[in-house]
Amino acid sequence: MPEDSAIRSVVIQEESGIRIRDACKGTTVHGCCRILHTGAAYTGVSFGVWRSPVARFVRDEEVVGSNPATPTRAVKVTLLYTRHVQRQSNTTMTSLDGVRIVALAVFCWSIAACQPAQEIAPDEGTIVEDVEDALDRGIAAHGGIEKWQSYGMLVYDMHRGEETERHMIDLHKRMTLQIAEDFEIGYDGTEVWITPNKEAFGGSPSFYNGLYFYFFSIPFVLADPGTNREVLGRVIVDSTEYDAVKVSFDAEIGGSPDDYYIAHFDPETHRLQFVLYTATYFSGEPSEAYNALHYEEWQDVGGLTLPGRLQWYEWDDERKQFGDARGGVSFSNVTLEAASPDSTLFVRPEGAEVDSPAP
């Protein structure tokens, strides 16, 4: 039986379940249809961190249209159409023997491969996808490390309940002075001192020294010399996505080198949202018991985005969720000076009690 053939390529949009026989409609060549070759390519679908990869299902709504759970995939199918010419009683007639799909198994495999995996809501804290270093992006979103390093002195008032403290910091040498109503704590680059005495403070001056400055200065201080970062990726906490980076410290850095900080940034604005941190100053042993510190307000000062209010929460590490609120502090009268302060500002005054060697 004589045959003549025609080859035609079509692109099938599978979103609506279009079948191969639908692609054959409209052709002027009748006959059987068999798949010679298939090839597939996605059309714009993307699947959619001083002191560990996580979930993101990003859907391109413009591509997937009204059915966001079913991404559009284009499959190129090369079809061979064969015309059968049947001769009877000296009369030539063209008849349709029927459509035969020779490579049905191949086609079925292609259709199955096009179907997206069923989307399952990730558990809290689940790691689904790696992302690039969020710490660098976060620092840039807060004004940049160069701008931060251009300042020599930071001053602010910290409010906790009815109490107010003034904190003054040499940003280059990290000398500090914290002035409260009942005490003053300073660090002169060598030792931590307190006046009038430790009893007036009621705690550890060395632990308290620079503590709130460090919280205030995240994310910048997480890039200090002696810090080590681990990009954790995108995480989900309380049903919200964050980009997370874990920071640890070299053994000789600070008074608590076994502390960890996990900074969580907004994936869109790249601003810091909250920090999980451990406190090992008193135990001297590594710990996985995290505290949660949420950055609830921001203020722009000297080209930098700095905290306006910090709020502590209990942390449920098993569920990766915030617990009850514990307390908070706010900051006002924030100033930055290019010049470093005179070092005499931090010198231990006569009669002050020395708490410990330099941290």
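**Exercise 1.** Work out whether Asp136 is buried, exposed or partly exposed in this predicted model, then find its salt-bridge partner.

*Solution.* Start with the accessibility: Asp136 has a relative accessible area of 44%. Buried means under 20% and exposed means over 50%, so Asp136 counts as partly exposed. Next, look for the partner: the side chain of Asp136 meets that of Arg229 in a salt bridge, at 2.8 Å from N to O. Now see where the two sit: Asp136 is in helix α4 and Arg229 in strand β10, 93 residues apart, and the pair links distant parts of the chain. Arg229 is partly exposed too, at 35% relative accessibility.

**Exercise 2.** Which parts of the chain does the salt bridge between Asp355 and Lys198 tie together?

*Solution.* First the distance: the closest N and O atoms of the pair are 3.0 Å apart. Asp355 lies in strand β17 and Lys198 in helix α6, so the bridge ties together parts 157 residues apart in sequence. Finally, compare the cover: Asp355 is buried at 18%, whereas Lys198 is partly exposed at 29%.

Key: Residues are numbered from 1 along each chain as its sequence is written. This is a predicted model: local features need pLDDT of at least 70, side-chain atom pairs count only at pLDDT 80 or more; totals for chains, interfaces and linings use all residues. Side-chain values use heavy atoms; hydrogens and water are left out. A salt bridge is a side-chain nitrogen of Lys or Arg within 4 Å of a carboxyl oxygen of Asp or Glu. Helices (H or I, at least four residues) and strands (E, at least two) are DSSP runs, numbered from the N terminus. Buried means under 20% relative accessible area, exposed over 50%, partly exposed in between (1.4 Å probe, protein chains only).
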